[in-house]
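Please examine the sequence and the three-dimensional structure shown below. The explanation after them leads through selected side chains and their partners.

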Amino acid sequence: MEEKFDYAKAMATLEKMAADAQNPETPVEDIGKMVRESKTLVKDCREYLRSLRDTIEEQ
């Protein structure tokens, strides 16, 4: 069974990553990891929003 995408959770995670990346105490290695993870989350968010748009346009 496919897990439903949680857009709100993904956005909250991205916001936390952005705040952590701006914190001078965050190690550079962690920032690199966050950037890679954020790319995946942004891609997933875009796909989710496109699917919603397509659903709305079909109605």
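The paragraphs that follow treat aromatic pairs, then salt bridges, and then a serine.

This is a predicted model, in which local features need pLDDT of at least 70 and side-chain atom pairs count only at pLDDT 80 or more, whereas totals for chains, interfaces and linings use all residues. Residues are numbered from 1 along each chain as its sequence is written, and side-chain values use heavy atoms, with hydrogens and water left out.

A pair of aromatic rings is described by the distance of the centres and the angle of the planes. Rings of Phe, Tyr and Trp (its six-membered ring) count as a pair if their centres lie within 6.5 Å; planes under 30 degrees apart are called stacked, those over 60 edge-to-face, and the rest tilted. How many aromatic pairs does the structure hold? There are two. In one of them, the ring centres of Phe-5 and Tyr-48 are 5.3 Å apart and the planes stand at 45°, so this pair is tilted. The pair links distant parts of the chain, 43 residues apart: Phe-5 belongs to the segment before α1 (7-22), and Tyr-48 to helix α2. Helices here are DSSP runs (H or I, at least four residues), as are strands (E, at least two), and they are numbered from the N terminus.

Tyr-7 is partly exposed, with a relative accessible area of 28%. Through these ring pairs, Phe-5, Tyr-7 and Tyr-48 are joined into a cluster.

Side chains of opposite charge can pair when their charged atoms come close. A salt bridge is defined as a side-chain nitrogen of Lys or Arg within 4 Å of a carboxyl oxygen of Asp or Glu. The structure holds four salt bridges. One of them joins the side chains of Asp-20 and Lys-16, at 2.7 Å from N to O. Because Asp-20 and Lys-16 are four residues apart in helix α1, about one helical turn separates them. Asp-20 is partly exposed at 25% relative accessibility, while Lys-16 is exposed at 52%.

In helix α2, Lys-33 and Glu-37 also lie four residues apart, about one turn of the helix. Their side chains meet in a salt bridge with an N to O distance of 3.9 Å. Lys-33 is partly exposed at 48% relative accessibility, as is Glu-37 at 36%. A further salt bridge connects the side chains of Arg-53 and Asp-54 (3.6 Å, N to O). Arg-53 is partly exposed, with a relative accessible area of 44%, and Asp-54 is partly exposed at 34%.

The serine is Ser-38, found in helix α2 (residues 28-58). A polar atom of the Ser-38 side chain lies 2.8 Å from the backbone oxygen of Val-35. Leaving aside neighbours within four places in sequence, Ser-38 is in contact (heavy atoms within 4.5 Å) with Leu-14 and Met-17.

Key: Polar contact = N/O pair within 3.5 Å; in protein donor to acceptor, adjacent residues only side chain to side chain. Buried < 20%, exposed > 50% of the residue type's maximum accessible area, 1.4 Å probe, protein only.
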